[in-house]
Amino acid sequence: MNIFGLKSTQKSGAAAEDLAAEYLIRHKLKIIERNYRCRHGEIDLIAKDGASLVFVEVRLRSPGNFGGAAASITPAKQQKILATARHYLSGQSGIPPCRFDVLLLEGLTADKIEWIKNAFGE
């Protein structure tokens, strides 16, 4: 823990989400929600891409660790994200087109971001 009560993994996770949000903004998406939580789980970022609502999972991994960042998004994790997205949408008026994207970060640098659009869904 540091003086702010955050573990180093929490700090690096927050830094990765900041980097991912900046990356999406540079690619013309509008961030509308960060760290949306409910009883089902958490969605790192929710953004608008034109008329579409984009639920974004951000993954930070050291190169080569446990198969890399993509390997950490298991089917169980995908189901939690889907359930959380359904919960978010239940509070909205009307349901826009939606997609589930993943931003994979191999370190905390903008040049090491892989953006997978429509990474999963139902």
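Me: Is K77 buried, partly exposed or exposed in this predicted model?
Reply: The model is predicted. Buried means under 20% relative accessible area and exposed over 50%. K77 has a relative accessibility of 22%. That value lies in between, so K77 counts as partly exposed.

Me: With which residue does K77 form a salt bridge?
Reply: In the pair that contains K77, the closest N and O atoms are 3.9 Å apart. The cut-off for a salt bridge is within 4 Å. The partner of K77 is E57.

Me: How many residues apart in sequence are the parts that E57 and K77 tie together?
Reply: E57 belongs to strand β3, residues 52-60. K77 belongs to helix α2, residues 75-90.

Me: Is E57 buried or exposed?
Reply: The relative accessibility of E57 is 5%. Buried means under 20%, so E57 counts as buried.

Me: Which residue forms a salt bridge with D18?
Reply: The closest N and O atoms of this pair are 2.5 Å apart. D18 is partly exposed, with a relative accessible area of 35%. The partner of D18 is R34.

Me: Which helix and which strand does the pair of D18 and R34 tie together?
Reply: D18 lies among residues 8-26, and R34 among residues 30-38. These parts are 16 residues apart in sequence. The pair therefore ties together helix α1 and strand β1.

Me: Which residues are linked with R99 in a network of salt bridges?
Reply: The side chains of R99 and D101 meet in a salt bridge, at 2.9 Å from N to O. R99 is buried, with a relative accessible area of 11%, and D101 is buried at 1%. The residues linked with R99 in the network are D49 and D101.

Me: How many salt bridges does the structure hold?
Reply: One of them joins E57 and K77. Another joins D18 and R34. The total for the structure is six.

Me: How many disulfides does the structure hold?
Reply: A disulfide needs two cysteine sulfur atoms within 2.5 Å. C38 counts as buried at 18% relative accessibility, while C98 counts as partly exposed at 33%. The number of disulfides is zero.

Me: Which residue of β3 stands opposite A47?
Reply: A47 lies in β2, where it stands opposite I31. β2 also pairs with β3 in the antiparallel sense, over five bridges. The residue of β3 opposite A47 is V54.

Me: Which residue in the turn between β2 and β3 has a positive phi?
Reply: β2 and β3 form a hairpin with two residues between them. The phi in question is about 65°. The residue is G50.

Me: How many bridges hold the pairing of β1 and β2?
Reply: A hairpin joins β1 to β2 through two residues. The two strands pair in the antiparallel sense, and strand β2 covers residues 41-49. The number of bridges is seven.

Me: Which strands stand at the edges of the sheet?
Reply: Five strands form an open sheet with mixed pairing, in the order β1-β2-β3-β4-β5. An edge strand has a single partner strand, so one side of it is left without a neighbour in the sheet. The edge strands are β1 and β5.

Conventions
Residues are numbered from 1 along each chain as its sequence is written. This is a predicted model: local features need pLDDT of at least 70, side-chain atom pairs count only at pLDDT 80 or more; totals for chains, interfaces and linings use all residues. Side-chain values use heavy atoms; hydrogens and water are left out. Helices (H or I, at least four residues) and strands (E, at least two) are DSSP runs, numbered from the N terminus. Buried means under 20% relative accessible area, exposed over 50%, partly exposed in between (1.4 Å probe, protein chains only). Two strands pair if DSSP finds at least two bridges between them.
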